[in-house]
Amino acid sequence: MWATPVTLKGDSVCLAPLTHGHAADLAEASADGDLHKLWYTAIPSPDGVAAEIDRRLALCGSGSMVPFTILDADDRAVGMTTYMNIDHTNHRLEIGSTWYRKSVQRTGMNTECKILMLRHAFETLDAIAVEFRTHVINHQSRRAIERLGAKPDGILRAHMIMANGTIRDTAVYSITAAEWPTTKAHLEFQMQRHASS
């Protein structure tokens, strides 16, 4: 396997391999802001967290996903993220299925998590590209992806059926290996500016 579970530590966040030991904190995180009620994204309800952990761990077992728990500075689980749609042959993957409890959104945590994941993907795994996907109408997610420096690849029209039966158009972005040095400098500058504000 090319991409396998790993712990990635930053200054104020840690990405740890997902386990059922994180379930209670993640259920509390899901309830913060009723995130699971957002119809255009897939965030587990508090009572659906255990099943979502099972789903992600099964995908990890098949080699198509590396799931992480996002831990804050107090080792409290505040969200989930993954390497997904992993192409072991072509050294390409997607960062996705990411969500954070409402109280830590817009704190700089997402930027630090993405730096850790992108650095590992490009500098340790030698990825050729890292992809990001989101619902075309999820403007908050699209702005966050664009702030990372990812460039738009296009829209996958009628890409998937959502839980409520609606059809999702998916906005696709990516960062290539050649773009990583500039993107990394940009993200590190953002982190420094956030830390000093």
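Is lysine 184 buried, partly exposed or exposed? Lysine 184 is partly exposed, at a relative accessible area of 22%. Here buried means under 20% relative accessible area, exposed means over 50%, and partly exposed lies in between (1.4 Å probe, protein chains only).

This is a predicted model: local features need pLDDT of at least 70, side-chain atom pairs count only at pLDDT 80 or more, and totals for chains, interfaces and linings use all residues. Residues are numbered from 1 along each chain as its sequence is written, and side-chain values use heavy atoms, with hydrogens and water left out.

The structure holds 11 salt bridges. A salt bridge is a side-chain nitrogen of Lys or Arg within 4 Å of a carboxyl oxygen of Asp or Glu.

| Salt bridge | N to O distance |
|---|---|
| Glutamate 123 – lysine 184 | 2.8 Å |
| Arginine 133 – glutamate 131 | 2.5 Å |
| Glutamate 179 – lysine 151 | 3.6 Å |

Glutamate 123 pairs with lysine 184. This pair links distant parts of the chain, 61 residues apart: glutamate 123 sits in helix 3 (residues 109-124), lysine 184 in helix 5 (residues 180-196). Helices are DSSP runs (H or I, at least four residues) and strands likewise (E, at least two), numbered from the N terminus. Glutamate 123 is partly exposed, at 42%.

Glutamate 179 bonds to lysine 151 in a salt bridge. Glutamate 179 lies in the loop between strand 8 (167-176) and helix 5, lysine 151 in strand 7 (residues 151-161), 28 residues apart. Glutamate 179 is partly exposed at 22%, and lysine 151 is partly exposed at 45%.

Shared partners join Arg92, Glu94, Glu131 and Arg133 into one network of salt bridges. Glutamate 131 is buried at 10%, whereas arginine 133 is partly exposed at 26%.
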